[in-house]
Protein chains: 2
Amino acid sequence: MRSSVSIRDVAVRAGVSVGTVSNVLNHPDRVAQATRARVLSAISDLGFVRNESARQLRAGTARAIGLVVLDVANPFFTDVARGVEDVASQAGHAVILCNSDESAQREIRHLELLAEQRVHGVLITPSDPSLEPIRRLQRRGVSVVLLDHPSSEPDICSVAVDNRTGGELAVTHLLAEGHQAIVMVNGPAHIRQGRERHLGALDALRKANRDSDLLEVIEVPMLNVAAGLRAGERLLARTSRPTAVFCANDMLALGVLQVMVRAGVRVPDDLAIVGYDDIDFAAAAAVPLTSVRQPRQLIGRTAAELVIAETMSPDEHEHQRVVFTPELVVRESSRRRRRTRRPARRVPAPAGSEV
Amino acid sequence: MRSSVSIRDVAVRAGVSVGTVSNVLNHPDRVAQATRARVLSAISDLGFVRNESARQLRAGTARAIGLVVLDVANPFFTDVARGVEDVASQAGHAVILCNSDESAQREIRHLELLAEQRVHGVLITPSDPSLEPIRRLQRRGVSVVLLDHPSSEPDICSVAVDNRTGGELAVTHLLAEGHQAIVMVNGPAHIRQGRERHLGALDALRKANRDSDLLEVIEVPMLNVAAGLRAGERLLARTSRPTAVFCANDMLALGVLQVMVRAGVRVPDDLAIVGYDDIDFAAAAAVPLTSVRQPRQLIGRTAAELVIAETMSPDEHEHQRVVFTPELVVRESSRRRRRTRRPARRVPAPAGSEV
DNA sequence: CAATGCCGTTGAAACGTTCCATCACAGGGA
DNA sequence: TCCCTGTGATGGAACGTTTCAACGGCATTG
């Protein structure tokens with residue numbers, strides 16, 4: 001319990017005024033060497049810890065930034081978070097990590113909370129397509145940077161990766177491998193990333209002069225492994241199966257892959273799979289997963305730098321729209337021509353495996 | 001910018017005193033229906049958001065609990081975090097998530113920060129074996145619960161899984177599969193979990209009347225995939241290789257597995273691998289990974305409940321030491337007798353595969 | 001010697017809440 | 001008529017900081 005010790009107690013013990021103690025804490029150069037030493041020893045004697053809420057109340061703003069992501073369990077976001085954290089802690093800011101679970105309602109609650117905390121800025125992957133709660137926050141003077149979501153309007157910073165190009169890369173690759181029936185396993189329609197990746201997939205078809213019917217979409221409610229498993233089971237239960245699946249992220253792809261491997265469906269021979277994000281686990285999957293790589297940490301770093309820059313000088317700040325370009329990483333899960341990975345392996349080539 | 005609107009502005013607009021506005025916020029029953037309505041509409045007109053630091057300053061404590069983990073990028077911890085978050089948000093608390101990266105120094109910095117924030121309680125997986133920084137926090141009246149770390153002393157709550165039993169389960173299983181040379185890939189010595197899993201492994205040897213030389217230890221600096229990759233390469237470079245590897249967690253195991261698969265080492269025939277934690281990705285690995293399962297979310301939930309209970313009634317609180325029992329999940333990565341998972345597969349059985 | 005400038009320190013105001021003792025008022029019972 | 005009670009509203013104190021104008025003392029300068 002020890003009713004917590006305040007700056008006043010320290011002042012009494014050191015025989016100085018509270019103002020001086022505060023100066024020792026915040027402007028050590030303003031106070032004489034001897035006094036400073038006295039105050040510091042009083043601080044350590046009493047075990048004084050500055051009360052951040054009081055500091056904040058006076059200062060008007062917290063030394064923290066909020067980070068709202070769709071799902072912390074997704075390694076993509078933890079990597080982004082790592083980038084954010086690096087930059088933020090460099091600048092002396094704490095990071096408050098929130099999970100919206102792709103729910104607009106939870107997003108609103110978290111933003112409310114961050115507003116009450118008077119955070120400096122917020123980095124957010126929006127769940128609510130209207131961006132309305134975010135606007136409200138902005139109107140209150142909080143700098144906001146959209147994460148993994150390009151801004152359509154010019155009055156807000158954003159850091160994103162070109163999802164449309166990513167989707168196009170993935171499907172162009174599958175077409176080049178000769179696939180004629182592709183299913184895209186996508187998240188809920190209000191998740192913009194998925195919508196854009198889908199548009200990119202359609203671009204790929206168009207550019208290859210293929211009919212857009214070639215691509216069918218299966219929508220799942222969440223972007224995690226469990227949803228991937230269910231999608232895989234749905235695919236398995238069908239009478240006519242596609243020859244390739246493009247998943248909106250790696251978690252879904254790993255789920256689908258797991259179902260296929262268990263059911264004895266050969267990947268990629270019977271079914272090719274392409275994921276998105278290239279999380280670390282993609283390379284270690286049952287069949288190493290082809291995926292679209294995004295510069296995860298860099299996204300986080302850039303976003304954090306933007307938000308900090310904006311809070312430093314809100315007036316001359318120019319809103320930026322940073323877009324990174326994704327990159328296709330081809331691995332075994334989508335290679336028609338199978339590499340003889342394991343020396344002992346001598347499997348009769350399935351029909352149609354010649355490219 | 002809109003210099004933020006305070007409770008006072010609301011009061012003026014609604015034609016009441018600040019006390020009344022505060023009552024509307026905190027004790028709505030105390031204020032008459034009509035007044036309440038007037039105040040509420042003033043609040044929404046002005047877009048008032050309560051200043052949490054002011055509230056906190058007055059109340060003396062934040063509505064938040066801190067969660068310090070070794071590595072957010074480890075799915076084990078994100079699952080634990082999910083459990084914590086569920087319980088905490090139920091109780092109206094925010095969760096401040098910190099990453100110690102297994103570094104005692106970062107741990108200290110984070111605890112310092114949490115102390116400044118006057119959090120209600122802290123859940124922590126300690127990096128610093130001395131627990132000294134944690135003691136300091138306790139002395140200041142913050143409730144602490146050790147996470148994934150049994151407490152040796154009776155004056156602190158802890159929630160853990162019996163690591164020693166887990167280690168024993170893993171190695172007993174490997175011995176039963178006939179392995180004669182086992183390597184344990186372990187994290188740094190100051191990480192208690194790893195030390196205990198190692199002790200359990202030795203228990204298994206003893207109970208089977210085997211010589212303890214049978215188990216060799218490779219120590220790596222971190223418990224992540226990258227470290228696992230390096231460990232795998234070290235193993236690969238050796239002239240005499242073990243027949244089985246037990247990794248201190250799944251991230252390491254996935255790293256080792258990836259190296260082996262790439263190098264054409266057959267798993268489990270040439271090298272069996274057992275991991276620890278049974279993260280979701282373990283089942284989806286190149287060769288589905290045998291692992292020791294821990295009740296991840298439950299650990300988080302229990303710890304959060306304990307810390308909240310302790311902060312509610314610090315005096316009559318009985319410190320508890322909760323220990324869960326782990327469970328071995330056997331998958332293909334350690335099964336001597338290979339199941340014919342893929343119909344096409346007909347691999348000549350390697351010598352000694354008959355159990 | 002007076003004026004000036006600098007350094008280190010002080011004391012009080014302010015930040016936005018919550019809490020609490022107090023008060024105004026209306027209605028009911030004696 | 002007076003007193004009592006209960007309901008709602010009020011005003012100010014308190015929480016622990018930071019900031020800032022003011023001040024005293026000392027050295028320097030004219």
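Guide: The following conversation sets values against definitions.

Guide: This is a predicted model, in which local features need pLDDT of at least 70, side-chain atom pairs count only at pLDDT 80 or more, and totals for chains, interfaces and linings use all residues. Residues are numbered from 1 along each chain as its sequence is written, chains are lettered from A and ligands numbered from 1 in the order in which they are written, and side-chain values use heavy atoms, with hydrogens and water left out.

Visitor: Why is A:Asn209 called exposed?

Guide: Exposed means over 50% relative accessible area, buried means under 20%, and partly exposed lies in between (1.4 Å probe, protein chains only). A:Asn209 has a relative accessible area of 71%, so it is exposed. This residue lies in the loop between helix H9 (192-207) and strand S7 (215-219) of chain A; helices (H or I, at least four residues) and strands (E, at least two) are DSSP runs, numbered from the N terminus. The phi of A:Asn209 is positive, about 55°, although the residue is not a glycine. Most residues other than glycine have a negative phi, and most peptide bonds are trans.

Visitor: Is B:Asp277 buried or exposed, and why?

Guide: B:Asp277 is buried, because its relative accessible area is 3%. Its place is the loop between S9 and strand S10 (291-293) of chain B. B:Asp277 also has a positive phi, near 120°, in a residue other than glycine.

Visitor: What makes A:Ala54 partly exposed?

Guide: A:Ala54 has a relative accessible area of 30%, and therefore counts as partly exposed. A:Ala54 belongs to helix H4 of chain A.

Visitor: Which residues does B:His93 contact, and what counts as contact?

Guide: Contact means heavy atoms within 4.5 Å. Leaving aside neighbours within four places in sequence, B:His93 is in contact with B:Arg63, B:Ala64, B:Ala88, B:His120 and B:Ile308. B:His93 sits in the loop between helix H5 (75-90) and S2 of chain B. At a relative accessible area of 9%, B:His93 is therefore buried.

Visitor: Why is B:His120 called partly exposed?

Guide: The relative accessibility of B:His120 is 21%, so this residue counts as partly exposed. B:His120 is found in the loop between H6 and S3 of chain B. Not counting residues up to four places away in sequence, B:His120 touches several residues, among them B:Thr61, B:Ala64, B:His93, B:Val142 and B:Thr311. B:His120 and B:Ala64 are 56 residues apart along the chain, yet their C-alpha atoms are separated by 5.9 Å.

Visitor: What makes A:Gly187 buried?

Guide: A:Gly187 has 5% relative accessibility, and so counts as buried. A:Gly187 is in the loop between strand S6 (182-186) and H9 of chain A. Apart from neighbours within four places in sequence, A:Gly187 is in contact with A:Glu219, A:Val220, A:Leu223 and A:Ala248.

Visitor: How do you know that the span of helix H6 of chain B is close to the expected one?

Guide: The expected span of a helix is 1.5 Å times one less than its number of residues. Helix H6 (residues 104-116) of chain B has 13 residues and reaches 18 Å from its first C-alpha to its last, close to the 18 Å expected. In this helix B:Glu107, B:His110, B:Leu111, B:Leu114, B:Ala115 and B:Glu116 are buried. These buried residues pack against elements of chain A and chain B, including helix H5 (75-90) of chain A and strand S1 (64-69) of chain B.

Visitor: Into which domains is chain A divided?

Guide: Chain A is divided into domain 1 (59-161 + 297-324) and domain 2 (163-294 + 329-334); the bounds come from an automatic or database domain assignment. The centres of these domains, taken over C-alpha atoms, are separated by 29 Å. Their contact takes 16 residues from domain 1 and 18 residues from domain 2.
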